Amino acid sequence: MAIGPETPIELIKGVYASLDTRVDAMRSRLGHPLTLAEKILANHLDSPDAEVERGVSYVDFRPDRVAMQDATAQMAWLQFDTAGLPEVQVPTTTHCDHLIQAKVAAKRDLLRAIDTNEEVYHFLESISAKYGAGFWKPGSGIIHQVVLENYAFPGGMMIGTDSHTPNAGGLGMVAIGVGGADAVDVMTGFPWNVRFPKLIGVHLTGKLSGWSAPKDVILKVAEILTVKGGTGAIVEYIGPGARSISATGKATICNMGAEIGATTSIFAYDEAMARYLRSTGRVTAAKAADAVAHHLRPDDEVLADPAAYYDQVIEIDLSTLTPHINGPHTPDLAREVGALGAEAKREGWPLEISAALIGSCTNSSYEDITRAASIAREAKAKGIPLKTRLLITPGSEQVRATIERDGLLADFEALGATVLANACGPCIGQWDRSGDHRPGTPNVIVTSYNRNFPKRNDGDAATLSFVTSPETVMALALAGTLDFDPVNESLTNDAGEQVSLSVPVGVELPAAGFDAGEDTFVAPPAGGSGIAVAVSPTSERLQLLQPFPAWDGNDYLDLPILVKARGKFTTDHISMAGPWLKYRGHLENISGNLYLGAVNAYTGYEVGYGKNQLTGETQTFPDIAKAYHEAGQPWVVIGDENMGEGSSREHAAMEPRFRLGLVAIARSFARIHETNLKKQGMLPLTFADPADYDRIGEDDRVSVRGLAELSPGLPVTVEVAPPGGDTWSFRANHTFSPQQVEWFKAGSALNVIRLQLGK
C-alpha cells in the first residue's frame, strides 16, 4: 500500500468519484438538502443504504486514513500486532510529538528525548515499517500540523488517536479523534462504528479585525456551548465570515472544538483552502477539489435557512468579536481580555504572569507566528522588554524552517525568548519547570494552547492557566500582568515612555513558499513482513498485551466502589500525562497513575486517595486498584458530569479494565471516553435520575442485574446495598448498539475482530 509524505492524488480522486452518486442518494433518502458534513458522511458510509438518524443511529464508516501520535500509537500498535494481518489496510502514519520534554531549548531537548525514548522510537519505527505505515521521526512536528501540511484534503474522512484530530477540518475534512482501538478497527480493514452525529451550525458574518483572531471565535463558541455542549455533534462553520478566515485560522477553530466535546468541526472548501493546498505543494489536490467544489459546501438551501437544517444554530458577528481569554481550570470560562484583570483581583488570582507560551497544535502556523512576531519586532524597536519567560513552539519542521528563514524566530530571540522543539511540549504536560518554578506556588501562565485543566501543563495544581490567541499571549508577556488590555492600554518602555502596541500584522502564507527543512519522514519498505519487532519482557516502557477475558454470562454482583469522583473527572484525572507518558506502551506500569487526579466525593477534598474496602485502609486509588486486582476483586467507578472529558487516550479505559474494573456509572460521559470504555469491554452507564449519584455511599456494594438481556435502548437495573441497611435500586441508561453489545460479550472490540479474522 502506497504511504507517502502526502495523500496520493489517486486516493483523493477516488473519494471524489463517488460524490455525485452518494450525495444524490442521501439527498433523496432524507428528502431535504444536505449540509457539508452530511455529504462527506454519506460518501464514507460502509453501506450507502444504512439508516441514518441524527443522534440515534449507529452507522459504519470507511475513513480514508489513520494518524497516530507516539503516546497513543504504542498501545494501538500493540493491539494491531495481535490481529495477525500482514499490513495495515488503509494509509496510516505514526508521528513522534508527545514524548519530547521541554526543558532548555529545541536542540538539547530533542537530543535528550531521542536518547531517553530510544526504545519506544525504535519500536514505533520498526512496527510501522513491518506493517506498511509511514513514520515521522522526533522533531517532525506536532501530528495535527503535519497532517494539515501533508494529508488533509477537502471532503476526506480520517480518524486520529488524539482528541485534536479535528484540526484537519480547517481543510474541509471530517477528522475525528478516537481511541487506539477505533484506529485498530480501521487499520485491520473493518469499518468504524459511531453514532450518526447531530449538527450544529455556527453562522459567521462580518470579518475579524484589529486584535481579534480566529482563536477568539472558538473561545466564544466554548463560552456559548460549554465543555459538553457539542457532545455527539459535528460543528459546521458557515456564512460569509467563514470564507474570510485563512485555512490555518479555520484549523485553529476546528482544533479546539475538542474542548466543547464535538465529534469534529468543519469548514466548507473555499479559496483560502485552495491557497493553502497550493502553498504546501498540493496543486493537483486543489485542482481536484475545484472540480467538485459544489459538493464540498452545504447546499444553497441550507445556507439560505440554516435553522431548518441544523439541530442548533449559533450566530457570531466577527466584526464585533473582541479578543478573549479563557480559564483557569476549564477552557469554557471566557471573558474579554480587558475584563480579566478586574476578575483576577476579585477572585484572588495572582496578577503576575510567570510564563507565556506560544505554539501547540492549535496555534503554531506561519500566520500565527507572523502576527506574534510583528509585536515582538515592534517591542524590540520601541524598547519594551519581556516581563516574563516566553517560550515559542513551532508546529512543524516545515514551519520552523520557514520562520527561521524569514527572520521570525530572530524577532522572538532578540527579546530573550526560548524556542522549543517542534513538539507538543508544555501543552500536554511535557514541561520541566524545575529551573524557574517551585511546585505548589500559586502562579499564572498564559498560552495559545487549547486545554487548561489543573496540572495539564506543568503537573502543578497551583498553576492557573489561561488560553488566548498568540498575539494576545505576546502582548501579555510584554506587560507581565493579567491586568493589561493591549487594545486600549499602553506599556512603559526602557526610557520611561508610555508606548502603545500596534495592531498585529499577519501573513497568511510565506511569499517565498514553505521551506521543508530537514527530511524527517520515513516511508515503509516495499516488503516489511520480515522485520522483527521485539519487546523485551523486562522492559519498563513496553509490554505485550493479553486479550481481556470475555463476559462470563453472569450479572455483576456485590462490587465495591473504587472511586466516586466529584466534579471534573477528565482523562487527565483518570490517567495523567506528563511524567506518565513514558509508560504509555506498558499497561501495568501506567496503571500506577489510575485515578490519581480524582477528587474523592466522600471527603470532598482529597485528591487521589480513597478507602480500600478489603482492608479499611486509606490508600491511593492506583494502590487500591492494584490490591483489588491481585485479590481478584472486580469493582465499579462512579463519575460526575461529562466523565472522561478531554483527551482521546484509551489508557483511561484500558487501565481500569486491566485492574478488573467492570462498570463505570456517571451522570454523563464525554463521547470518546464512553466509546473507549465500550471498546475495552467495560459497561458505561448513566444515572436515569442524576440525583441517584448522591445516594451512593462509600461502603455500599453495587450489583448490575439483567446483563443477559443487555440490548439497545433497554435500561438496566443497578442495586445498591449499604452495609447493614436496606438495598435500593435505580435505573441506569446506556448507549450500546447491537454491535457494541457484542464487544461487551466478547470482552473487547478487538476480541471480536480476532474472532472474525480467525485468530
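**Figure 1. Lining of the second largest cavity in the predicted model.** The residues that line the second largest cavity comprise 6 nonpolar, 9 polar and 3 charged residues. This structure is a predicted model. The volume of the second largest cavity is about 150 Å³. Its lining consists of 18 residues, and those nearest the centre of the cavity are Ala 258, Gly 261, Ala 262, Gly 646 and Ile 672.

Figure 2. The largest cavity has a volume of about 170 Å³. It is lined by 19 residues, of which Gln 69, His 98, Asp 162, Ile 428 and Arg 456 are the closest to its centre. By type, the lining of the largest cavity divides into 7 nonpolar, 7 polar and 5 charged residues.

**Figure 3. The largest pocket and the elements that line it.** The largest pocket holds about 580 Å³ of space. Its lining is made up of 28 residues, and the closest to its centre are Arg 195, Thr 231, Gly 232, Arg 671 and Glu 674. At least two lining residues are supplied by each of strand E7 (192-195), strand E8 (198-205) and helix H24 (671-679). Helix H24 provides the largest share of the lining, 4 residues. The lining of the largest pocket includes 8 nonpolar, 13 polar and 7 charged residues.

**Figure 4. Helix H8, an enclosed helix.** The buried residues of H8 are Gly 180, Ala 181, Asp 182, Ala 183, Val 184, Asp 185, Val 186 and Met 187. Just after H8, Gly 189 adopts a positive phi of about 95°.

**Figure 5. Helix H26 and the elements that cover it.** In helix H26 (residues 738-746), the buried residues are Gln 740, Val 741, Trp 743, Phe 744 and Ala 746. An α-helix has 3.6 residues a turn, so residues three or four places apart point the same way. Among the elements that cover the buried residues of H26 are strand E1 (58-61), E7, strand E22 (556-564), H24, strand E27 (683-687) and helix H27 (749-756). Gly 747 follows H26 and has a positive phi, near 100°.

Figure 6. A disulfide is a covalent bond between the sulfur atoms of two cysteines. In the whole structure, 0 disulfides are found. Cys 254 is in no disulfide, and the nearest cysteine sulfur, that of Cys 361, lies 12 Å away. Cys 254 counts as buried, at 0% relative accessibility. Cys 424 is likewise in no disulfide; here the nearest cysteine sulfur is that of Cys 361, at 6.4 Å. Cys 424 is also buried, with a relative accessible area of 6%.

Figure 7. The secondary structure of the chain comprises 27 helices and 30 strands. The radius of gyration is 25 Å, close to the 27 Å that the globule rule gives for 759 residues, so the chain is as compact as a globular protein of that length. Along the principal axes, the C-alpha atoms fill a box of roughly 75 × 60 × 55 Å. Of the 759 residues in the chain, 64% are buried. Among contacts with a separation of 6 or more, 75% join residues 24 or more positions apart.

Definitions and conventions: Residues numbered from 1 in each chain as written. Predicted model: local features only at pLDDT ≥ 70, side-chain atom pairs only at ≥ 80, totals over all residues. Heavy atoms only, no water. 1 Å grid on protein atoms, 1.4 Å probe; cavity = no way out; pocket = protein on both sides within 12 Å on 5 of 7 lines; lining within 4 Å. Points joined across faces, edges and corners; volume = space filled by probe spheres on them. Nonpolar A, V, L, I, M, F, W, Y, C, P; charged D, E, K, R; others polar. Buried < 20%, exposed > 50% of the residue type's maximum accessible area, 1.4 Å probe, protein only. Contact = heavy atoms within 4.5 Å. Disulfide = S-S within 2.5 Å. Rg over C-alpha atoms; globule rule 2.2 N^0.38 Å.
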